[in-house]
Amino acid sequence: MNWEIVAGVEVHVELSTHTKIFCGCANAFGAEPNTLICPVCTGMPGALPVLNRQVVEYALRAGLALDCDIARRTAFDRKNYFYPDLPKAYQISQLHRPICQNGGLEIETPTGSKRIGIRQIHMEEDAGKLIHHPTQPCTLADYNRCGVPLLEIVSRPDFTAAHEVIAYLESLREILLFLGVSDCKMQEGSLRVDLNVSVRRKGSGEQGIPTEMKNISSFQSVGRAMVWEGARQIQLLESGGEVLRETRRWDDGKHQGFVLRSKGGAEDYRYLPDPDLPILEITQEQVEQLRSTLPELPRNKRARYQREMGLSSQDARTLTTSREVAALFEKTTALCQHPQEAVNLIVGDLARLCTETATLPENLQVDAAKLAALIAMIRSGKINRTVGKEVLEQIFFRDADPVVYVAQKGLAMVDDPALMEAAVRQVMEENPKSVADYQSGKEKAFGYLVGQTMRSLKGKGDPALINGILRELLKG
Amino acid sequence: MKELAGIGPLALGKLIQSRAISCVEAVRHSLEVIQHREPQCSTFLEVTGEQALAAAQKVQKRIDSKDERLSPLAGVPMAVSDSVCVKGTATTCGSKMLEGFRPPYSATVWERLQAEGGVLLGKTALDEFILGVSGENCAFGPARNPWDTRLASEGSAGAVSCGEAFYAVGSDGFGALRRSASFCGVSSLRPTCGTVSRYGLVAGTSSLEQAGIVGKTILDCAQVLALIRGKDSRDSTTVEAPALDWKISLRGLRIGIPTACFEGGLDPNIRQAVLAASKQLEALGASLVPVELPLADDLLPTYYVVACGEISSNLARYDGIRYGYRAKDVGDLMELYRQSRSRALGSQIKEHILLGNFFLSGEGGGDYHQKALHARELIRRGFEDVFTRCHMILSPVVPTAPRTIGEKPGNLLELYRQSTFTAPAGLAGLPAATVPCGFDSKGIPIGFQLTGRPFGEGELIAVAHGYQMATDFHQRLPGEVGQ
């Protein structure tokens, strides 16, 4: 078997601008059907598109973060095709002069890092949605999504393994999230992936005939679809058949692709420059201004966390899976001056709370100052880690002030040796059998007695101190 | 109200301002003329008399309260072509496809006129989707030329010509508005591309279209242009044009004469009238210089390739799904598209859509269309070059006398040739004005056209106005029907 699978991806992301790309309608998900529409986005006669500047800014941010060349002059083209969800019967897109070209993204692979080329990024409008009536034989059209701004990010066919595609998509998603240009939710359709797959003899360098796979619902299934489709094509070629240029639909449940439509030669979209939108000039100043305001990207953050703060690569990765978590970590660290404590809290207990309550990182609302105060109390020994967990929950659920909460609930550590000794003595009196067990060599009984003492102190005792006192007293 | 016959919109505006006549009286006058003329001329697709009277009352109140935002044309009854969207009023653009369509928005040009006290009489007939030579191509029957009702006309030109409306605003695409104005003995003005908003003008050939204005005199048109021009936040192709000033002396203005245009197949009546006009302009102080039009042989092919591509794209939205004509009793989606479009679009529209699809097809996004866009750029630059030698170009409006309704052209190319003189303005985005300058042997008016530099409207108006001050062709009125 000397075949090689070659893949490229086209990623569509919906931009989280306030309004649509060519009109003033709100850009929002989940509204009542046909409530966010106007003559422009429903293509009424004589209505004209006016470009939303925020879309251009977001496209430029993405282009700069993905190392692209920025066009000095960019223009829109009409892509003509009939479909009931497309009210003008053309999509305003960019063919001849996309806003960004020739970029790339470094991904980590088991054999080191690899640069995936990005052929172009262009701006376009989304189409509406068709909903098939649940009971009657008819189709309903919802035009709310018409004119929602999209970026199409087209990679070069640089992927030769499924894990590379997955790494690329994860990295791309991270970057877009950090840039704040999209919420990248596959389940809401704000990030969509089309996969192009072809196969060739290893080392031949030639380009096989690619098929396009749509309807892929997760990054993992992109990988599965690539492997499946590659295998299908290899089998086809080896049995003397030929690969047809077609669009296929991936069914993740059946773990199988199906033909959606045959392209029978290239699809003819009868592109033409849109006469309603003037050529857009992008100045060097504009580009430099945006470049200077780009946030630090996750990859750079990770390197910095490891280099400057001594975090493990695993922790650095976990902290940078979302912009909000990274920001919380950085703020907390700045306040408490102890990155590892902040990591322990955020990657440990806070992450657990998020999982338990199904809180998404972008909805996480925790005050960094409160986390820092909690860390300070733990580090100074004012409270122990068990109490720390309880206080964190209070911060998480009730936005409680940790200092006030500890004081009100009397959770501060018992640091009076006399009080602690009294507690130990009482536990020993109440548990003569355990004392005898320990003294006859059963080490396990010691742990039990420490636990009992801690319980009587309601968790506020310092375990090291209790150990010391207990050992002294057991000596008799 | 007979005394209003022949009076211009500016004079009527003054009478209204001085309250010698009320807005309602002016509208009643127009409605009477409409009632009298429509049976023969059918220039209107819809007359909105009730709304016009109500609007007149409102404007009158503003005049009575000395509202300073009112223009000199406030209260003057006018018409718009049916390509101009007027909120809540049927807007068909001359196509069965849009029968019964009432837009929930208004075109910027109408909004601006309305804000200044415009009073709308109704919507006039035009070629289906502004695609045609003479207005004959209207799905609801063509408007007639009041000078000879066997001839078709764009309704806006006809309505102004026979005194139904005092001025009209429509769409100038293939030039039918200018040609109709010329055949109807009235004046017209097409501003520089980007000067007037296209928002709410039903689009046929977007990049070739502009608002067009029809008035008895070029000054009427100039006044209207002053009201509707200016950048519009809803049309990103609009620009802030330099101030409009037509108080320019003819002395020192150089008028280019494209000598080649006066040879070949030009109708002798037209040649004679237009050359006489050029002599008149020379006598008024302008100098005439011979010029050559750039890529003259490629103008029309370029024009039609661009136009067909845009038509095919712009009209694809009429699919029977959201508004307009929808075929009944169809089995599936493809059949809905096919039947709706087959039944509701006119044959000339279909022909252009098919051509457009062909021009746009192929790898790399349509080689023909790309080449035409390239040629268009060369033509634009060629005109820049011509305008280093003259301020404007004088030409006929049309090469031949109008065909009567139903008369078949020899072939399609002969039909296209009617656009020879009107196409450059659209292709190169230039302003153009037409004014009447004579009559042919059958008594049908002849006009000449001035095509100007970008934003050279002021110069065109000055020259045309100078001409009209020295001549009286614009004051002649069409006789009663049958004469």
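This is a predicted model: local features need pLDDT of at least 70, side-chain atom pairs count only at pLDDT 80 or more; totals for chains, interfaces and linings use all residues.
# Notebook: chains A and B

I started at B:T91 and listed its contacts, leaving out residues up to four places away in sequence: B:D82, B:C85, B:V86, B:L98, B:F101, B:R102, B:P103, B:K123 and B:V202.

Where does B:T91 sit? I find B:T91 in the loop between β2 (77–81) and α4 (108–115) of chain B. Buried or exposed, then? I count 27 other C-beta atoms within 10 Å of B:T91, and the cut-off for buried is 20 or more, so B:T91 is buried. I also checked B:E46, which lies 45 residues from B:T91 along the chain. The C-alpha atoms of B:T91 and B:E46 are 9.2 Å apart.

**Chain B overall**

I zoomed out to the whole chain. I get 15 helices and 13 strands for chain B. Its radius of gyration is 21 Å, close to the 23 Å from the globule rule for 483 residues, so chain B is as compact as a globular protein of that length. Along the principal axes, I have the C-alpha trace of chain B spanning about 65 × 55 × 45 Å. Buried residues make up 58% of the 483 in chain B. I then looked at contacts in chain B with a separation of 6 or more: 77% of them join residues 24 or more positions apart.

**Strands around B:I255**

Next I followed β9 (residues 254–258) of chain B. It pairs with β10 (residues 287–291) of chain B in the parallel sense, over five bridges. In that pairing I see B:I255 opposite B:L288 of β10(B). How does the chain cross from β9(B) to β10(B)? I traced it through helix α8 (residues 268–283) of chain B, and this β-α-β crossover is right-handed.

β9(B) also runs parallel to β11 (residues 392–396) of chain B, joined by two bridges. Here I find B:I255 opposite B:M392 in β11(B).

**Nine strands in chain A**

I moved to chain A and its open sheet of nine strands. I read the order as β2-β6-β7-β10-β1-β11-β12-β13-β14 (chain A), with mixed pairing. I noted A:I70 opposite A:C100 of β6(A).

Helix α2 (residues 162–179) of chain A packs on this sheet. I see α2 touching β1 (3–14), β6, β7 (112–125), β10 (149–155) and β11 (191–201) of chain A. The direction of α2 makes about 115° with that of β6(A).

**Three strands in chain A**

I also logged an open sheet of three strands, ordered β5-β4-β15 (chain A), with antiparallel pairing. β5 (90–93) and β15 of chain A are the edge strands with a single partner each, so one side of each has no neighbour in the sheet. β4(A) and β5(A) pair over four antiparallel bridges. I find A:N80 opposite A:Y90 in β5(A).

**Where A meets B**

How many residues does each chain bring to the contact? I count 29 residues from chain A and 38 residues from chain B. On the chain A side, β4 (77–80) and β15 (272–273) each supply at least two residues. I sorted the chain A residues that touch chain B into 19 nonpolar, five polar and five charged.

How values were computed: Residues are numbered from 1 along each chain as its sequence is written. Chains are lettered from A and ligands numbered from 1 in the order in which they are written. Two residues are in contact if their C-beta atoms, placed from the backbone, lie within 7 Å. Ala, Val, Leu, Ile, Met, Phe, Trp, Tyr, Cys and Pro count as nonpolar, Asp, Glu, Lys and Arg as charged, and the others, Gly among them, as polar. Two strands pair if DSSP finds at least two bridges between them. The radius of gyration is taken over C-alpha atoms; the globule rule is 2.2 Å times the number of residues to the power 0.38. A residue is buried if 20 or more other C-beta atoms lie within 10 Å of its own, exposed if 12 or fewer, and partly exposed in between; C-beta atoms are placed from the backbone. A crossover is right-handed if, with the strands pointing away from the viewer, the path from the first strand over the helix to the second runs clockwise. Axes are lines fitted to C-alpha atoms, for helices over the stretch in contact, and angles run from 0 to 180 degrees between N-to-C directions.
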